[in-house]
Amino acid sequence: MEKGKENHKAHCLILPFPVQGHINPMLQYAKRLRPKGVKITLLLTKFLHKTMQEFSGSSNISLEAISDGFDEGGRADAESPEAYYARFHLVGTETLSELLEK
């Protein structure tokens, strides 16, 4: 095994819906998978990722960011919930594809 590489049974990408009440339960789920040898990457919107920076150094769970189209202000910058969901679907799909290729 190469130095710095871990041997994992699987790699799980977890993408909680970016609203209150969804991130912490998914994070707890991720923490339960980690001891079973599963590599975990928690995907957050760029806006939420900024608020989770202190978490990234304190866990074996990787954080990655995708765009929802409202990178500076999150859902609060959208005209309506429907506008947010439409933009998140369009932009989020594109940036998730880019992340998967990486």
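This report walks through the fold, the packing and the side-chain pairs of one predicted protein model.

## Ground rules

Since the model is predicted, local features need pLDDT of at least 70 and side-chain atom pairs count only at pLDDT 80 or more, while totals for chains, interfaces and linings use all residues. Residue numbers start from 1 along each chain as its sequence is written, and side-chain values use heavy atoms, with hydrogens and water left out.

## Overall layout

The protein has four helices and three strands.

Of the 102 residues, 34% are buried. Here buried means under 20% relative accessible area, exposed means over 50%, and partly exposed is in between (1.4 Å probe, protein chains only).

Helix H1 covers residues 23-33, and its buried residues are Ile23, Leu27, Ala30 and Leu33. Looking down the axis of H1, these buried residues fall within an arc of 115°, so they line one face of the helix. That arc is taken from the directions from the helix axis to the C-beta atoms. Over on the other side of H1, Asn24 and Arg32 are exposed.

## Two nonpolar cores

In soluble globular proteins, nonpolar side chains tend to be buried together. A nonpolar core is counted here as a set of buried Ala, Val, Leu, Ile, Met, Phe, Trp, Tyr and Cys residues joined through side-chain atoms within 4.5 Å. The largest one has 13 residues, and those touching the most other members are Ile14, Ala30, Ile40, Leu42, Leu44, Ile61 and Leu63. H1 and S2 are the elements that give two or more residues to this core. There is also a second, separate core of seven residues, with Ile66, Ala78, Phe88 and Leu99 among them.

Setting aside neighbours within four places in sequence, Leu44 is in contact with Pro16, Ile23, His49, Met52, Leu63, Glu64, Ala65 and Ile66. Thr45 sits in strand S2 (residues 38-45) and is buried, at 4% relative accessibility. Not counting residues up to four places away in sequence, Thr45 touches Pro18, Ala65, Ile66, Asp68, Tyr84 and Phe88.

## Aromatic pairs

Two rings of Phe, Tyr or Trp (its six-membered ring) make a pair if their centres lie within 6.5 Å; planes under 30 degrees apart are stacked, over 60 edge-to-face, and the rest tilted. That rule gives five aromatic pairs. The rings of Tyr84 and Tyr85 have centres 6.0 Å apart and planes at 75°, so this pair is edge-to-face. Tyr84 is buried at 2% relative accessibility, whereas Tyr85 is partly exposed at 38%.

For Tyr84 and Phe88, the ring centres are 5.8 Å apart and the planes are at 25°, so this pair is stacked. Tyr84 and Phe88 are four residues apart in helix H4, which puts about one helical turn between them. Phe88 is buried, with a relative accessible area of 12%. Phe17, Phe70, Tyr84, Tyr85 and Phe88 form one aromatic cluster.

## Salt bridges

Side chains of opposite charge can pair when their charged atoms come close. A salt bridge here needs a side-chain nitrogen of Lys or Arg within 4 Å of a carboxyl oxygen of Asp or Glu, and the count comes to two. One joins the side chains of Lys50 and Glu72, at 3.5 Å from N to O. Lys50 lies in helix H2 (residues 46-51) and Glu72 in the loop between strand S3 (62-66) and helix H4 (81-101), so the pair ties together parts that are 22 residues apart in sequence. Lys50 is partly exposed, with a relative accessible area of 45%, and Glu72 is exposed at 64%.

Glu64 and Lys102 form a salt bridge too, with their closest N and O atoms 3.3 Å apart. Glu64 is in strand S3 and Lys102 in the segment after H4, so this pair ties together parts that are 38 residues apart in sequence. Glu64 is partly exposed at 25% relative accessible area, while Lys102 is exposed at 72%.

How values were computed:
Contact means heavy atoms within 4.5 Å.
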